[in-house]
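Look at the model below and follow the text from one part to the next.

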Amino acid sequence: MTNSHDNDQMRPAVITCDGFLGTDDRPVEEIIRADDGTVKKIGLTHRAIAERMEYFSREAKKGLGEFVRLEPHFEAACEMARGFLSCPFGEPGKHRKAVVTLRNLRQKKEVIFSGLNVHLIAEHGFYEGKGSCFRLDPEELAKVLEIGG
Amino acid sequence: MENIEEGKGRKILINGSRQVYAAPGISLLQALKENDIFLSSACGGHGICGLCRVHVPEGADSAFTPAELAHLSPAEQQDNIRLACQVKLSRDLRISIPEKFFHIREYRAVVSSVRSLTGSIREVVLELVKPETINFKSGQYIQLRIPPYPGKRRMVYRAYSIASAPSDGRHVELEIGYARNGLATTFIFEHLKTGQVMSFNGPHGDFRLSDGGRDMVMIAGGSGLAPMKSMLCDMRDRNITRKVRLFFGARSPAEIFHADLMASLERTLPDFKFIPTVAAKNPEEKWKGEIGLVTGVLDRRLEDNFNGEAYLCGSPAMIEACLEILRRKKIPEERIFYDKFA
């Protein structure tokens, strides 16, 4: 996991319109540390969470933008735009502009995440700053994904 | 933008004959742009798209950046192929680039209209100011410069297919789909106004109507209709009589746009059929067309060993799914065309 970063890459209008930090004024390292603590507390790993998200992404893409029913009680849609995004931690590679809407029909809850979110969680344990458009609270996310305790 | 004169910057010798100068420290992509040479770049120079490949036999730092390592094959690295956005001008450079890049220009234009085609797609019409006309092939794209706007201090470039016909060189029409939290689309959907002055460079891209006479199948989703519209209008204007079937995927009947134009083209072109399909419809919506994903309709209606050409434009997922179907139906790769920037 590499967490060296250029703060500039996290800001609005560099990689994404609103950036990755939202209204959170904590340093990135502190955001990561706090979320890491939450993930450990619920007995999970970032990679396990990301793998579950990746599964829903993969299935959702098959719907070409429409919701796909996924057993036992999920539905997911993936909106893809042309072009790519880079990792704000400067890791090489490119990430499709893909946004997944995942609905847990039993819980009547929904989460929205991007392909870049999956990478940031898997490789950097980064769930973005509070107030960010794509901020994911790890505990809430795990509940909707129905993963872990 | 100021050009750097000989002796005041780094020299870039291009194709052994033309030389330009630029300030040390800037990227090769930027240096060429400042000298009115525009390489293709869909990401605006962030090392993400991998399109700005250039042969740099002399003068570049030997170390490839992580972005280059992600995009360039070992053979390309061995051949001194670099991403122009990643090469910094620290010494004089010798480079070679295809001659086609010398024909790409920067244009200034006024937004003559902005309107919503659907809830998530906007049409932007640009009237050229300087130069006053553009020469392009239907299917090509431009790189639109998105200026800084409130709260967003950086300028970026984004690639958009041209939707208008080459016969009208005074205008460029774009059809732009909304991307959540997108830097460029937020500007286009929330800030762009009629009368605003914009700039772009182009035309770019090898996705274009071929010169052959084969039958054509076009598959488009959402704003991917743009280059198909350009090609069909081009065919109309040049009396090209090839057989065309256009499969267009939309979420619902309300998301189908340009239906009147397509009906008009069906009357004008000798053998053209527009086949829209909707993923779902409300019971109250009157819809007698295809229902289901565009890939399903394509799979059902296109014969195996189709002897024509396939043109694709839409989301990357749609393109990947279509490619799988076309390969299964044994359409040779060299007869399948789509934008690499997707």
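Helices and strands are DSSP runs, numbered from the N terminus; a strand here has at least two residues. The model is a predicted one, and every value below was computed from it.

Begin with the second largest pocket. Rolling a probe the size of a water molecule over the atoms shows where empty space is left. In the second largest pocket this space comes to about 810 Å³. Its lining is made up of 34 residues. Ser40(B), Lys100(B), His204(B), Gly205(B) and Asp206(B) are the ones nearest the centre of the pocket. Three strands of chain B give two or more residues to the lining: strand 6 (105–118), strand 11 (197–204) and strand 17 (336–338). Which of the elements gives the most to this lining? Strand 17 of chain B does, with 3 residues. Sorted by type, the lining holds 16 nonpolar, 9 polar and 9 charged residues.

Now turn to the contact between the chains. Chain B brings 36 residues to it and chain A brings 33 residues. Together the two chains bury about 2,800 Å², and 58% of that area is on carbon and sulfur atoms. On the side of chain B, the residues that lose the most area to chain A are Ile48(B), Arg180(B) and Asn181(B), which together account for 25% of what that side buries.

What kinds of pairing cross this interface? The rule finds 3 salt bridges between chain B and chain A, and it also finds 3 residue pairs in polar contact there. Several elements of chain B supply at least two residues each to the side that touches chain A: helix 2 (66–71), strand 9 (156–161), helix 4 (183–190), helix 7 (294–301) and helix 8 (316–328). Helix 8 of chain B gives the most, with 5 residues. By type, the side of chain B that touches chain A has 18 nonpolar, 10 polar and 8 charged residues.

One pair can be followed in detail. Side chains of opposite charge can pair when their charged atoms come close. The side chains of Arg96(A) and Glu320(B) form a salt bridge, at 3.9 Å from N to O; the cut-off for a salt bridge is 4 Å. Over all chains, a search of the whole structure finds 32 salt bridges. Why does the pair of Arg96(A) and Glu320(B) join two chains? Arg96(A) lies in strand 3 (residues 95–104) of chain A, whereas Glu320(B) lies in helix 8 of chain B, so the pair links one chain to the other.

Notes. Residues numbered from 1 in each chain as written. Chains lettered and ligands numbered in written order. Predicted model: local features only at pLDDT ≥ 70, side-chain atom pairs only at ≥ 80, totals over all residues. Heavy atoms only, no water. Contact = heavy atoms within 4.5 Å. Buried area = accessible area lost by both parts, 1.4 Å probe. Polar contact = N/O pair within 3.5 Å; in protein donor to acceptor, adjacent residues only side chain to side chain. Helix = DSSP H or I, 4+ residues; strand = E, 2+ residues; numbered from the N terminus. Nonpolar A, V, L, I, M, F, W, Y, C, P; charged D, E, K, R; others polar. 1 Å grid on protein atoms, 1.4 Å probe; cavity = no way out; pocket = protein on both sides within 12 Å on 5 of 7 lines; lining within 4 Å. Points joined across faces, edges and corners; volume = space filled by probe spheres on them.
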